[in-house]
Amino acid sequence: MLNIKNLTVSYQKDRILNELNIEFQAGEIHGILGMNGAGKSTFFNSICGLKSIDSGECLYQNEWVNSDHIAFMQTHTYFYPYMKGIEYLQLIGKQNPDFDPYHWNQIFELPLNQLVENYSTGMKKKLVFMGILAQDRPILILDEPFNGVDIESNEKIIQILEYLRKKGRSILLSSHIIHSLTDCCDKVSYLKNGAFARTYLKQDFNELQVLVKELVSQDVANVLDSLEKI
């Protein structure tokens, strides 16, 4: 279990996460939803040690979580120049001799012997996802894993996540597309004002969709109303 206790994180004088508490169970896909600027990426970066925290704890099996526990897919990934897809996977998965990139590539059909710089955005996203699989960690944190991929690849990723969930992995993911979360998650937590306002179970997902629609509709309606006054 990944246990986040009283996590507080700031950027300069602005507090982004405010004494945030949440638990993530093994064998569970847990979505993180929030409007732009809510702190989703800050939350993930803090767990992974890429962002210093003000206070609080991030514990895995009652010990401070570290890089041996987590495979982290960031929203934007840097690739070394002149690196082939297969070289990237061999580098990322060098500590996991059981990982066979060509076996997994039967699903994604990437040109692994070509330079990554010639890949499309969707191909790079799939390569990074395969890199996550190569690490074989108990916790997977995926920041916007569905960005840039087509419908078919989106479904493939969801089916692989379901396979990993059954293997007992703890999977955290964020998405700006609410249907991507409700299609694959066991729970979705709504991040607002630096804390989780509520965690929604599957039976509550319709209520979550209504909430998001109302929040967006209010912003759109205000703009449209202002146009009528011009």
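In what order do the four strands of the open sheet stand?

1. The order is E2-E1-E4-E5, and the pairing is antiparallel. Here strands (E, at least two residues) and helices (H or I, at least four) are DSSP runs, numbered from the N terminus. Two strands count as paired if DSSP finds at least two bridges between them. In general, strands of a sheet pair through backbone hydrogen bonds, either parallel or antiparallel.

2. A word on the source: this is a predicted model, in which local features need pLDDT of at least 70 and side-chain atom pairs count only at pLDDT 80 or more, while totals for chains, interfaces and linings use all residues. Residues are numbered from 1 along each chain as its sequence is written, and side-chain values use heavy atoms, with hydrogens and water left out.

3. The edges of the sheet are strand E2 (14–24) and strand E5 (63–64); each has a single partner strand, so one side of each is left without a neighbour in the sheet. E2 pairs with strand E1 (residues 2–11) in the antiparallel sense, over seven bridges. Tyrosine 11 has aspartate 14, in E2, as its bridge partner.

4. Helix H1 (residues 40–47) packs on this sheet and touches E1, E2 and strand E4 (55–60). The direction of H1 makes about 115° with that of E1. Contact means heavy atoms within 4.5 Å. Axes are lines fitted to C-alpha atoms, for helices over the stretch in contact, and angles run from 0 to 180 degrees between N-to-C directions.

5. Helix H3 (residues 101–108) packs with helix H4 (residues 121–135) at an angle of about 140°, the axes being 11 Å apart. H3 is therefore oblique to H4 (under 35 degrees is roughly parallel, over 145 roughly antiparallel, 65 to 115 roughly perpendicular, and the rest oblique). From H3, the contact uses Pro101, Trp104, Asn105 and Phe108; from H4, Lys126, Phe129, Met130 and Leu133.

6. Asparagine 154 lies in helix H5 (residues 151–166) and counts as buried because its relative accessibility is 17%. Serine 67, in the loop between E5 and strand E6 (70–73), counts as exposed at 54%. Buried means under 20% relative accessible area, exposed over 50%, and partly exposed in between (1.4 Å probe, protein chains only).

7. Leaving aside neighbours within four places in sequence, asparagine 154 is in contact with Phe146, Val149 and Ser180. Serine 67 and asparagine 105 are 38 residues apart in sequence and 25 Å apart in space, C-alpha to C-alpha.
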